[in-house]
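Here is a walk through a two-chain model, written for someone who likes to keep the structure open while reading.

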Amino acid sequence: MTEQTTAAWRGIAAEEADEIPPSLAAFLRLRSRRLLTSLLRPHRRTSLLILGLIVVANIAALAGPWLVGIGVDDVPALVRTHDANPLTLVVIGFGVAVLVQAVCTRNFIAQIGRMGSSVVLELRQRLFAHFQALPVAFHERYTTGRVISRQVSDIDAISDMFDEGLDSLVSAVFTLLLVGTGMLLLDWPLALVVMAGFLPLVWLTTWFRRESALAYRRTRETIALVIVHFVETFGGIRAVQAFRREERNEEIFTELNEGYADASLRSQRLLAVYFPGVTMVGDLAIVAILLYGGLRVIDHDMKVGVLVTFLLYLQRFFDPLQDLSQFYSTFQSAAAALEKISGVLDEEPAVPEPASPAALPARSDPAHTGRGVRFEGVRFGYREAVVLPRLDLDIAAGQTIAVVGATGAGKTTIARLLARFYDPNEGRVLLDGVDLRSLSEDELRRQVIMITQENFLFSGTIAENIELGKPAASRAEIEAAARAIGADEFISGLPDGYDQQVGKRGGRISAGQRQLISFARAFLAAPAVLVLDEATSLLDIPSERLVQSALRTILTGRTAVIIAHRLSTVEIADRVLVIDDGQIVEDGSPADLLATDGEYSALHTGWQESLA
Amino acid sequence: MPPQPGRQSRRARNRETAAGQTPFAALLRLREYLRPYYWKLAAMLAAALISVSTEMVIPLLTKAAIDGPIAKAAGGTAAGQPGASLLLPIALAALALGIIHVGLNFYRRWIQASAVTGLEQHMRDDLYAHLQRLDAGFHDSWQSGQLLSRATTDLSTIRRFAGFGIVFLITNIFTFVVVVLLLIRLNLGLGLLTGCVFLPVSLLCLRFERRYRVLSRRAQDQQGDLATYVEEAATGIRVLKALGRRDQAAAEHGSRAGRLYQTQVSKARLRGTFWASLDLVPNAAIGLVLLLGALAVGKGQLTTGGIVAFITLTLLLVWPIEAMGYILATGQEAATAAQRVYEILDTPPAITDPPGSAAGQAPSGTAALPAASTPAAAAAAPAAARRGLVFDHVAFSYPGGAPPVLRDVSLDLRPGETVALVGVTGSGKTTLLQLVPRLAEVTGGAIRLDGTDIRALPLAQLRRRTGCAFEDPTLFSASVRENVSFGAQEATEEAIEQALAAAQAGFVYDLPWGLDTRIGEQGMALSGGQRQRVALARAILTRPEILIFDDPLSALDVHTEARVTEALGEVLANSTALVVAHRPSTVMLADRVALLADGVIAAQGTHRELLAAEPRYRELMSAAEPGEQDGPGPDAADHGLTGARR
């Protein structure tokens, strides 16, 4: 595999591919393995301990049947000579073996569980932190759903592997090896007879593994369809009932449910063939041993005890193989999950932290809390489409500037470049003369805050949501921020006031109220530059009026860029920019622009009419 | 008024009985779903019992082989020949038994698969159909995850128990009794001892299963908790980034993940102890058998083959005993699952067709006038002359003694009239709208459609005559066409095109597959404004008599809003419409405005009249800040209204 193709498949690119060339598969495996190695490295000593425990436990487990065999052979001696010593020794040995086995097994399972859980914990934290560090551009491409499923279902798949299967896998492998060796040492011809049973077993297991992987995927797919339809129906039950959709829905659901039932039936029937098949092989092996071993005993070629030992070993020999095949599907999904996760971790933050962050100059005018912003020959495009061909813009410290224009004109892009959600393709964005790219993440976020219409509330109390603006803010600070914004009134009216839980989807808090909370958050954060992207478009008129006056409070002395399509917000601006196709077509104070016959004055007239 | 309180309390009572039902009783009620499979169940049980019996005979054959031909030969007294000839039939018998054993196992699993899958499928269909009939209020009071887990996890739990659990509950008890009896026959004392050693293992297993399940459930909860946080952090990523709260979020995530880690470690420890003791007990029993057995052989009470058979039989006890714990715990879980499922199936729909009108017989066509035979129609006789939509002293409060949302709403909508409903956030506008298609039920007063109480109309008829568009446009994962023709399968292509045109949703033709493009959660993402327009097209598709719009243009930009407003004017002219409005531009759609405040209609009139006379209305509709008194002049208002009315 050349460097180039490897580079093309970096990161998450492979997730979208339907067919994966073998060279790429090797690359992906290598990447997963590197991740796994780095996760396991801190646990080297535990791994050795686990290995030791499992070997001892298995040897002890093997000793049991062997001792029983000896014991059985001792019986005639006991009958003849009445010498109980050999038998007593055997029984004591057996007891010791049983105890050693129990102690080792217990610790082995507990240790491997602990190790697995810490690996999973480490992986969870790495992945979460990495997602948080990846730029907004990545999240927009990758979608929330995939971010969640990487961190929930994929990690769960890996966790399941440690939680449910790894101990039995490891012990199955060792049991097979040790029991096999033990049997060969005891009586190799008979051992070979037993091992011949492997051939049909391996064949059966390979078949089952292949079929069950298909069946498993099919059940996952079909149940996912059932779940999606279920959730959609009851999420939109009002629309369903209002539009009498019930019958059609029932038709669809019955069909989807039938599909799942078929898939589930198929996978259960695979089990119905596989498990009896395995038992069959075991039964045949018993018959073979009885026949062949029995003849050997009759010919005085072998002791009865050995035959007994073999019969007991047989039980331990075929079971692990079943475990192995059971584990295989768990292992497969864990491997697939690890591959995807390693892809995400391979994505580099496109907006990287500077190696040596620059410091911002001391404030030019101590009376002002704002800072100057400058766009210098900025060019930006999403993939092929150029949104801003070349933007030059100077915003003085403390100035409030409103950006208006049609959808798709590039208003939001300006906001996002300023908040450094993206970096420009060419040119620079400067804050008091310092390139945003040379500021540390912490410093940048202290200086520039953006509020969007996505006024997302996290579950928790209202106070906690406001506190997000300034961690460890006191209750008084939080309440003062809410008061300044005008949110105090409705918050106090809630049953639990500031301690009201906002519930999963923002509880019973309206869009306007949520927006007020996110304003309070920003107020508490007290940034030098505030960017509002359509932040007031969801508010009703009374709330918007409330926010207008709050905005005057926040904006005093600060630099602000307001993106709006409702012109009411624009009225508080010192300066208005009209953007069309990524170009500034008008620039001036609202009053000046109104006086001209331009775009803004046309928009304004339209707006006045709509207010009626 | 209709017996609303009675209905309410009956529902409450029913919920109580469902909740008060013991899990075991719920488990027994599953019989109704098992009935079609009684024969299959019987066959499964028979197959399992015979198969287990053959399993028990094999060790006895081994004994016969060792004590018979092998021992004779090993004893060295006779020549090998007669022994060898005896060995072959025994081996062949073992082979035959093995084949029967395997064949029956296969048969049992095969029919079990179809029976339990059918059971699960049938229950899920019923659950879904029932949930669709339950009112929106019910769905509000349940988290969607709760309903989903009943339809998936709980039903799978029941399926597992119904197939595997029931059969092996019986089979394992049978195995235990028979094996212990066989052991006793081999050697009385040793047999009794073995039985006594094994019995407590069952209890140990049950205890383990219980403790393990508590831990598993805790782990599940913590996983859910963690998943919720992950979900929030992913959805709110822009907020977290904009505020630079990366480290704080990572710390919060870490503490939740850490709690889960602790539980997982405890689980592993418990599992280790359990598996170790599971190995320990049968092994100890074997050691004991070996010791005491050898002594018995010494006294001539037992043969060598007897010891081997004894040990092999003892091993046969291990699985049924271990499994008993698992089966009992599964049974317990299935019982709880059944209880949870029946809790829903037992909830009667609060909003139903009027008694005496089977939904199938509902008169078709929108022209159906009040059926004089229904009692409610008779009660409404004095008002029958008034056509249109009438709210007659309507009251509504949420269950549980909350203060009423609507106290006494009286409002007349003449046929063809459009009324805008205006009020502050939380004043109950949306609630009032939902009362019309009976998504929620009035708790006082009545709503009449052409003189008939809407509760006297078959639900299907009422809802066919009503078209709704809600503030949050719900789209489903289906094609645009399916989303628009949603409830009206019979809609023609032409009607769909007209509806899309009226809602200014022409953009759908530009989607990759036009009207066949899949949209919604699992399909193409549409913007808020686009979704709203598709939902609007759905509402007006069948040109219903009554239109219910909840702020239908909130996500549209000014230009699109103007175009939609114009196109809607024509649609609204032929329908009676109630429109919730937050902005003057939406009010422009209406002939008249009603102000909802404090649970009553506080004022009615044209936009201009209310602006002039009603300070509360001015407060809501004028963008000017309080104090600046130059609101929009009367000229502007005139201009807007005539524009909408044309």
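Strand S3 of chain A is covered on both faces: A:Thr400, A:Ala402 and A:Val404 are buried on one side, and A:Ile401 and A:Val403 are buried on the other. Because five of the five residues in this strand (400-404) are buried, S3(A) is largely enclosed by the rest of the structure. Keep in mind that this is a predicted model.

What does S3(A) pair with? Strand S8 of chain A (residues 559-563) pairs with S3(A) in the parallel sense over four bridges. Within that pairing, A:Val403 stands opposite A:Ile563. Strand S9 of chain A (residues 575-580) also runs parallel to S3(A), and four bridges join the two. There, A:Val404 has A:Val578 as its bridge partner.

**Antiparallel strands in both chains**

Chain A also has an open sheet of four strands with antiparallel pairing, in the order S2-S1-S4-S5. Its edge strands are S2 (385-395) and S5 (434-435), each of which pairs on one side only. S1(A), residues 373-382, is joined to S2(A) by seven bridges, and A:Val373 stands opposite A:Ile395.

In chain B, strand S1 (residues 389-396) pairs with strand S4 (residues 444-449) in the antiparallel sense over five bridges. B:Ala395 of this pairing has B:Gly444 in S4(B) as its bridge partner. S1(B) also pairs with strand S2 of chain B (residues 406-413), again antiparallel and over five bridges, with B:Val390 opposite B:Asp412.

| Strand pair | Sense | Bridges |
|---|---|---|
| S3(A) and S8(A) | parallel | four bridges |
| S3(A) and S9(A) | parallel | four bridges |
| S1(A) and S2(A) | antiparallel | seven bridges |
| S1(B) and S4(B) | antiparallel | five bridges |
| S1(B) and S2(B) | antiparallel | five bridges |

As a reminder, strands of a sheet pair through backbone hydrogen bonds, either parallel or antiparallel.

**Chain A as a whole**

In total, the secondary structure of chain A comes to 20 helices and ten strands. Of its 612 residues, 47% are buried. Among the contacts in chain A with a separation of 6 or more, 79% are between residues 24 or more positions apart.

The largest nonpolar core has 352 residues, and the ones that touch the most other members are A:Ala520, B:Leu421 and B:Val422. Leaving aside residues up to four places away in sequence, A:Ala520 touches A:Ile466, A:Ala481, A:Ala482, A:Ile485 and A:Ala487.

**Where the chains meet**

How many residues of chain B are in contact with chain A? The count is 129 residues of chain B, against 123 residues of chain A. Helix H10 of chain B (residues 246-298) gives the most to chain B's side, with 31 residues. By class, that side has 67 nonpolar, 41 polar and 21 charged residues.

One residue to look up here is A:Arg124, found in helix H4 of chain A (residues 85-133). Is A:Arg124 buried or exposed? It is buried, because 25 other C-beta atoms lie within 10 Å, where the cut-off for buried is 20 or more. Beyond residues up to four places away in sequence, A:Arg124 touches A:Ile155 and, across in the other chain, B:Ala257. A:Arg124 and A:Ile155 are 31 residues apart in sequence, yet 7.1 Å apart in space, C-alpha to C-alpha.

**A two-sided helix in chain B**

Helix H16 of chain B (residues 493-502) has B:Ile496, B:Ala499, B:Leu500 and B:Ala502 as its buried residues. They cover an arc of only 165° around the axis, so they sit on the same side of H16(B). The face turned away from that buried side carries the exposed residues B:Glu493, B:Glu494 and B:Ala501. The buried residues pack against helices H15 (480-484), H17 (528-540) and H18 (558-573) of chain B. Just after H16(B), B:Gln504 takes a positive phi of about 55°.

**How confident is the predictor?**

The model scores ipTM 0.79 and pTM 0.74. For chain B the mean pLDDT is 79, and 84% of its residues reach 70 or more. Residues 76-81 of chain B stay under 50, and the model gives them six contacts beyond four places in sequence. Residues 359-385 of chain B are also below 50, with 40 contacts in the model beyond near neighbours in sequence.

Methods. Residues numbered from 1 in each chain as written. Chains lettered and ligands numbered in written order. Predicted model: local features only at pLDDT ≥ 70, side-chain atom pairs only at ≥ 80, totals over all residues. Buried ≥ 20, exposed ≤ 12 C-beta atoms within 10 Å, placed from the backbone. Arc of directions from axis to C-beta. Contact = placed C-beta atoms within 7 Å. Nonpolar A, V, L, I, M, F, W, Y, C, P; charged D, E, K, R; others polar. Core = buried A, V, L, I, M, F, W, Y, C linked by C-beta atoms within 7 Å. Pairing = 2+ DSSP bridges. pLDDT = per-residue confidence, 0-100.
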